[in-house]
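Please consider the sequence and the structure shown here before reading on.

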Amino acid sequence: MMSWLCGLVGDGIAKSRSPAMHEREARNLGIPLVYRLADTAAWRGNAGALADILCWMERFGFNGTNVTHPYKQAVIPLLDTLSDAARAIGAVNTVVFRDGKRIGHNTDWSGYAANFQRTLPDASLRRVGQVGAGGAAAAVAYALLSMGAARLDLFDVATERAAALGDRLGNLFPEAQVTVATCVEDVIAEASGVVQTSPIGMDSHPGTPFSADLLQSRQWFSEVIYFPRETELLAAARVKGCQTVSGIGMAVFQAADAFELFTGLVPDRERMLKEFD
């Protein structure tokens, strides 16, 4: 029987739930799969060591690896080819080793889209306000525009980063209106829904990226953070009466898409979500 060896490269990923998700679903499907972490925080690695990590993974016979912060952009020059979505987003979170080639994919966007459509299938995408323009934000924005968002307003405290993302998305989706705001209030006030993609709210970055008082009950609110399971802002949005989308589904569905790329087998996504909970 064929077996699979997969992994995750990142910095400070000791608490990642990816190994459990992948190995548990493999057991459910009756296949042998091992998923290992390459945590550069454990040996003070850096982006310059990424090339060595990929080389050793290939030598040890890995079928593929996920890639997370801070290497989603740094890994791109080390790959042979990219999927259309990964090229458009400018970030890779999944690398498949096949036929001597390194193929980069992005399943963050597809995982976000699947979770959003499953949770709020009738949500208005007339005008979406997005807070954050970093690594995960590009994938989320790509997903929203792919789902048909008519207008996307971006804000990030790093104004140049937001402007660069806005320019790229505007070129990719000329039929949509993509704007960049200079203050967070401007992306929230008239939005039909609000997406939070900054790291603020994580256990390692406590707090909120903006005041929950800015949200209105008529809006939906989406969070990409899943550790903790419920951020302070997500809880506040629920209290205000907003329809909400947690980051848990995105985490599970992006893993499911990566699992399928690694193995060629279709995982039971609903089972993965249930077992994650």
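Reader: Which handedness does the crossing of H5 and H6 have?

Author: The model is predicted, so local features need pLDDT of at least 70 and side-chain atom pairs count only at pLDDT 80 or more, while totals for chains, interfaces and linings use all residues. Residues are numbered from 1 along each chain as its sequence is written, and side-chain values use heavy atoms, with hydrogens and water left out. A crossing is left-handed if the near helix is turned anticlockwise from the far one by less than a right angle, and right-handed if clockwise. For H5 and H6, the crossing is right-handed.

Reader: At what angle do the axes of helix H5 and helix H6 cross, and is H5 roughly parallel or oblique to H6?

Author: Helices (H or I, at least four residues) and strands (E, at least two) are DSSP runs, numbered from the N terminus. Axes are lines fitted to C-alpha atoms, for helices over the stretch in contact, and angles run from 0 to 180 degrees between N-to-C directions. The axes of helix H5 (residues 135-146) and helix H6 (residues 159-172) come within 11 Å and cross at roughly 30 degrees. Since angles under 35 degrees count as roughly parallel, over 145 as roughly antiparallel, 65 to 115 as roughly perpendicular and the rest as oblique, H5 is roughly parallel to H6.

Reader: How many nonpolar residues does the contact of H5 with H6 have?

Author: Contact means heavy atoms within 4.5 Å; here Ala137, Ala138, Ala141, Tyr142 and Leu145 of H5 meet Leu165, Arg168, Leu169 and Leu172 of H6. Ala, Val, Leu, Ile, Met, Phe, Trp, Tyr, Cys and Pro count as nonpolar, Asp, Glu, Lys and Arg as charged, and the others, Gly among them, as polar. The contact of H5 with H6 has no polar residues, 1 charged residue and 8 nonpolar.

Reader: How do H4 and H9 pack, and how do the residues of the contact divide by class?

Author: Helix H4 (residues 108-119) packs on helix H9 (residues 248-263) at an angle of about 130 degrees, the axes being 7 Å apart. This angle makes H4 oblique to H9, and the crossing is right-handed. H4 contributes Asp108, Ser110, Gly111, Tyr112, Ala114, Asn115 and Arg118, and H9 contributes Gly249, Met250, Phe253, Gln254 and Asp257. The residues of this contact divide into 4 nonpolar, 5 polar and 3 charged.

Reader: What is the division by class where H1 meets H9?

Author: The axes of H1 and H9 come within 10 Å and cross at roughly 60 degrees, which makes H1 oblique to H9. The crossing is right-handed. Met21, His22, Glu25, Ala26 and Leu29 of H1 meet Ala251, Val252, Ala255, Ala258, Phe259 and Phe262 of H9. By class, the residues of this contact are 1 polar, 1 charged and 9 nonpolar.

Reader: Which domain does UniProt list for residues 247-274?

Author: Over residues 247-274 the chain is 79% helix and 0% strand, with the end C-alpha atoms 14 Å apart. UniProt positions are given in the numbering used here, feature names are shortened, and annotations may be inferred rather than shown by experiment. For this stretch, the unreviewed UniProt entry lists "domain: SDH C-terminal".

Reader: Is glycine 247 buried or exposed?

Author: In the unreviewed UniProt entry, a "binding site" feature includes Gly247. Glycine 247 is found in the loop between strand E12 (243-245) and H9, and apart from its neighbours within four places in sequence it is in contact with Glu223, Val224, Ile225 and Tyr226. Buried means under 20% relative accessible area, exposed over 50%, and partly exposed in between (1.4 Å probe, protein chains only). With a relative accessible area of 1%, glycine 247 is buried.

Reader: What is the relative accessibility of aspartate 84?

Author: Asp84 is one of the positions that the unreviewed UniProt entry gives for a "binding site" feature. The place of aspartate 84 is in helix H3 (residues 84-89). Aspartate 84 counts as exposed, because its relative accessibility is 62%.

Reader: Which residues is serine 16 in contact with, leaving aside its neighbours within four places in sequence?

Author: The unreviewed UniProt entry includes Ser16 in a "binding site" feature. Serine 16 is found in the loop between strand E1 (4-10) and helix H1 (18-29). With neighbours within four places in sequence left aside, its contacts are Leu8 and Leu37.
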